[in-house]
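This report describes a single protein chain for a reader who is new to structural work. Please keep the sequence and the three-dimensional view at hand while reading.

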Amino acid sequence: MLLTGESGESHLCENKQWEEGKVMSLRMIHEIFDSLPECEEWNAHLLKFKHSKKQGTTYNCRKIELEPLNRINVLIQDIRDTYTGTRKNRLEKYTDVREYDGTCNGTTVYKISEDNPNIKIDLDALFDGIADSDSESNPFEMKAQAYILCGQIEKNDEIHQIKLISMNTPITTLKNRFFHNAGKFYDISDKVLNLRVTMNVVIYDRTVYFLDMAGETLFNMERAYKIKCFDAVEEIVYMDIVTDPGMFRTTATSGPNPRRFTAFSKSKLQLLSKKKNREKVARHFGIPLTSDKTHFDTKEKKDAESLVKILCGKAMWDILEEIPVEVDGIKNWMR
C-alpha cells in the first residue's frame, strides 16, 4: 500500500514518533541498569507464588540479609556490569521494546504498561507480598521460586521504585561441589543461597519489562491472555460474520491461538463488519465465503485459524510476490 498526501505525511510522522519511542525505551532500560549502584539501600527477598482460579495469584516473600553489610551492593554492581558493562553485555542483544503482544522474540523487551488495555496483571498483589515480607521463617523450607531486589533510583529529579526479579530458583543443593579442609575436599551437602546476576523481570514504578519470557510465569500470563481470548471470540461470534460459531470457538480457544489473542485488534474486527472488507480478506487470504458473500465459511479448522491470524496481526500481504504470509507480529513501518 502506498501512502500519499496528508494521510501519508501523518503516517510517516507516527512512524518517526514510534521509532523515537523505541530508542528512548531501550535507552531508559540501559539507564536503569547503569544507575543501580547509585542506590545504597537495597532489600532482597525470596519469592514464592501460587496461581489459583478462585483466589488469583498470591505472593509470599521472605526478607534475606547478606553479610557483610555492603555485600548486597557488590551483587548490585555485578548485575550492573552484566547488563551495561564495557565488555559484551546482555542489553546489546535487544533491538526494540514493545507492548506485550504474545510473541516470543528473543531480541525484544516486552513491557506491560499500567494502562495497557490488552492485558491485565495483578501488580498490587506482588507489591503487597513484598510489603508483608516475613523475616522469621526458615528460608530453606520456603521452596522459593525466585528472588527480588528492591531499591530506588533518581531520574529527572524524581524518585522511581525499581524491582529486579530473577526467576531462577535461589535455594539449591550444590552437586559435585567441594570445600577444602585440612588438605582434603569434602562434599557441600547443605542447601545454599544462590543469587544469580541474570534478571528476567524489571519493574520500573508500575511498568513491567520482560527481558525474556520466564517472567510470564510470575504473572500467570497464560490465564491473562486466555481471558482476553474468550472475550474477543465472543465479540467475533456476536458480530455474526462466521458460519460455524462452534468450530470457530473451538479453534480460537485451543492450541497456540489463545496466546495470539494478546494482539487481537478490535479495529480490524470493525473493518470486517463491512461486506467489501470481508470480500477483500477472502480474496487475498483464501478464506471461503458463503454464496451470498456475507459470512466467512469456518466449518473447516484451517479457515477458522486463518481468520484468527488476520484479527491478531499474524497475517500480512506480500505486495511484491502478491502472496499471503504469516508474520511473528506487527510493528509500524520504519524509514
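Lys293 is placed in the loop that runs between helix 9 (275–285) and helix 10 (301–311). The model is a predicted one, and in it Lys293 has a positive phi of about 60° although it is not a glycine. Most residues other than glycine have a negative phi, and most peptide bonds are trans. With a relative accessible area of 43%, Lys293 is partly exposed.

Asn220 also has a positive phi, near 50°, and is likewise a residue other than glycine. Its place is the loop between helix 4 (215–218) and helix 5 (221–238). Is Asn220 buried or exposed? The relative accessible area of Asn220 is 18%, so this residue counts as buried, the cut-off being under 20%. A further feature of the backbone is the cis peptide bond from Glu67 to Pro68, whose omega is near -5°. Pro68 lies in the loop between strand 2 (56–64) and helix 2 (71–84).

## The chain as a whole

The secondary structure of the chain consists of 10 helices and 14 strands. Along its principal axes, the C-alpha trace spans about 85 × 45 × 40 Å. The chain has 335 residues, of which 40% are buried. Among the contacts with a separation of 6 or more, 63% are made by residues 24 or more positions apart in the chain.

## The nonpolar cores

How many residues does the largest nonpolar core have? This core has 33 residues, and those with the most contacts inside it are Phe33, Leu36, Trp42, Ile79, Leu149 and Leu164. Two or more residues are given to this core by each of helix 1 (5–35), strand 1 (43–52), helix 2, strand 5 (146–155), strand 6 (158–166) and strand 11 (201–204). Helix 2 provides the largest share, five residues.

Leu36 illustrates how such contacts are made. When residues up to four places away in sequence are not counted, Leu36 touches Trp42, Ile76, Ile79, Ile162 and Leu164. Another core lies apart from the largest one; it has 27 residues, including Leu47, Tyr100, Ile112 and Ile165.

## Helix 3 and its cover

Helix 3 comprises residues 123–131, and its buried residues are Leu123, Ala125, Leu126, Phe127, Gly129 and Ile130. Which elements cover these buried residues of helix 3? The cover includes strand 1, strand 2, strand 5, strand 6, strand 11 and strand 12 (207–210).

## Salt bridges

Side chains of opposite charge can pair when their charged atoms come close. The structure holds 14 salt bridges. In one of these, the side chains of Asp124 and Arg206 meet, with an N to O distance of 3.0 Å. The two residues are 82 residues apart and link distant parts of the chain: Asp124 is in helix 3, whereas Arg206 is in the loop between strand 11 and strand 12. Asp124 has a relative accessibility of 41% and therefore counts as partly exposed. Arg206, at 28% relative accessibility, also counts as partly exposed.

Lys226 and Glu222 form another salt bridge, in which the closest N and O atoms are 3.2 Å apart. Lys226 and Glu222 are separated by about one helical turn, because they are four residues apart in helix 5. Both residues count as partly exposed: Lys226 has a relative accessibility of 33%, and Glu222 has one of 43%.

A salt bridge also joins the side chains of Arg260 and Glu305, at 3.7 Å from N to O. This pair links distant parts of the chain, with Arg260 in helix 7 (residues 257–260) and Glu305 in helix 10, 45 residues apart. Arg260 and Glu305 are both buried.

Note on methods:
Residues are numbered from 1 along each chain as its sequence is written. This is a predicted model: local features need pLDDT of at least 70, side-chain atom pairs count only at pLDDT 80 or more; totals for chains, interfaces and linings use all residues. Side-chain values use heavy atoms; hydrogens and water are left out. Buried means under 20% relative accessible area, exposed over 50%, partly exposed in between (1.4 Å probe, protein chains only). Contact means heavy atoms within 4.5 Å. A nonpolar core is a set of buried Ala, Val, Leu, Ile, Met, Phe, Trp, Tyr and Cys residues joined through side-chain atoms within 4.5 Å. A salt bridge is a side-chain nitrogen of Lys or Arg within 4 Å of a carboxyl oxygen of Asp or Glu.
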